[in-house]
Amino acid sequence: MHSPPGHSHRILVVDDNPPNAALLEHVLLAEGHQVAVAADGVEALDFIAEHPPDLILLDLDLPRLDGYEVCRRVKSAPATRLIPIIIITAQNAFEAKMRAWELGADDFITKPFQCLEVIARCRSLLRIKRLVDERDSAEAVVFAFARVVEAKSPYTHGHSERVASYALALAAQFGLPQDQWETLRKGALLHDIGKISVPDAILDKPQPLTPDEFEIMKQHTLQGARMVESLRSVQDAVPMIRWHHERLDGGGYPDGLFAAAIPLMVRILSVADVFDSLASERPYRGPIPHAQCLQILRRDADSGALDADLVKCFCEVVAAGLVSAVGNGSRSLRASPQRALATAGGPQPPGHDPAASPGQPDTRYGAF
Ligand SMILES: [Fe+2]
């Protein structure tokens, strides 16, 4: 790749016609870009896999693998689908343009081309690409942050990943439209991000929380929503972060919403979250066997706290083995008198959530 000093845009020209390729290379180098040239589709895909460019100028008539197939493969691979592609076509190639458009091409340049037009179209798409990259970086930081928050406590490590897996399995079984799955996944991965605002002494407290401590714990829903609400790409996940502890009977927090006000995706997340909270070790008790977790979910559905249809569906998901394949986080983290008491069937019933006790009935599970 020819690279003038001090410029960061990398452009791949894919053209088997040497004079065309040379002219494009010359124009782009003069603009200060780094330029690589591939003479056929296979060479282009190899190059893209190894050095993903910021922009691709793509001829359609290519040896070995034509431009349509290159376009299709680039636009269908998650790692490369956001790389803009400008198709170089002959004049009056209406059908070719339409086909390339369907495959995800971003723009077209008609041969013979004007150099100024090439420059203008490249500048425009590179500007958009830069914005997309910035958004992706911000989103990556938020997700990395959520993982760090979770890793703070051995009791929550891996919780969000498991909740995301359970929620997606439930969504598929329940028939949630597939175009909503990605939003659900993001919401599940981020739902507890607000726990960064909760002191470790409360998060890992082996004894029941005091009413004041429980109030602090409850704030993680509002804090989490506030943390990500300015990030457009995860806007749709905000309701799941804010409302994943709402209950259909109005007994949840932070807003005390009732049934119809709680969106379906939030209800799905709540079932998955409660299940994993029960099935995982907590500072104050051991993990609860899956069969018993499901009994508790059914009881919460019967009492009107959780969505009965979703709980029924989730039981089917577990029966089909989809949950055990994910793992249940049930490894023992440490022996503690409190946990021994709970697992031995002492005064606290299995699954009893001490955090639920201030102002809430003992039967509330997955209270935070
Ligand atoms: Fe939570």
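A crossing of two helices is left-handed if the near helix is turned anticlockwise from the far one by less than a right angle, and right-handed if clockwise. Keep that in mind for the tour of this predicted model, where local features need pLDDT of at least 70, side-chain atom pairs count only at pLDDT 80 or more, and totals for chains, interfaces and linings use all residues. Residues are numbered from 1 along each chain as its sequence is written.

**Stop 1: colour by confidence.** The protein chain has a mean pLDDT (the predictor's confidence in each residue, from 0 to 100) of 83, and 85% of its residues reach 70 or more. Now select residues 325-365: here the pLDDT is below 50, although the stretch has 81 contacts in the model beyond near neighbours in sequence. A contact means that two C-beta atoms, placed from the backbone, lie within 7 Å. Where pLDDT is low, the predicted coordinates should not be read in detail.

**Stop 2: the sheet.** Helices (H or I, at least four residues) and strands (E, at least two) are DSSP runs, numbered from the N terminus. Show the five strands, which form an open parallel sheet in the order β2-β1-β3-β4-β5. At its edges are β2 (34-38) and β5 (107-111), each pairing on one side only; strands pair if DSSP finds at least two bridges between them. Zoom in on β4 (residues 85-90), joined to β5 by five bridges. T89 stands opposite T110 in β5.

Select α1 (residues 18-30) and α5 (residues 115-151) together: they pack at about 60°, with axes 10 Å apart. Axes are lines fitted to C-alpha atoms, for helices over the stretch in contact, and angles run from 0 to 180 degrees between N-to-C directions. The α1 and α5 crossing is right-handed. Display L24, V27 and L28 of α1, which meet C115, V118, I119 and C122 of α5.

**Stop 3: α6 and α7.** Move to α6 (residues 159-174) and α7 (residues 181-190), which pack at about 150° with their axes 8 Å apart. α6 is therefore roughly antiparallel to α7, a label for angles over 145 degrees. Look for the right-handed crossing here. Finish with the side chains in contact: S160, V163, A164, A167, L168 and A171 of α6, and W181, L184, R185, A188 and L189 of α7.

Notes:
Parallel < 35°, antiparallel > 145°, perpendicular 65-115°, else oblique.
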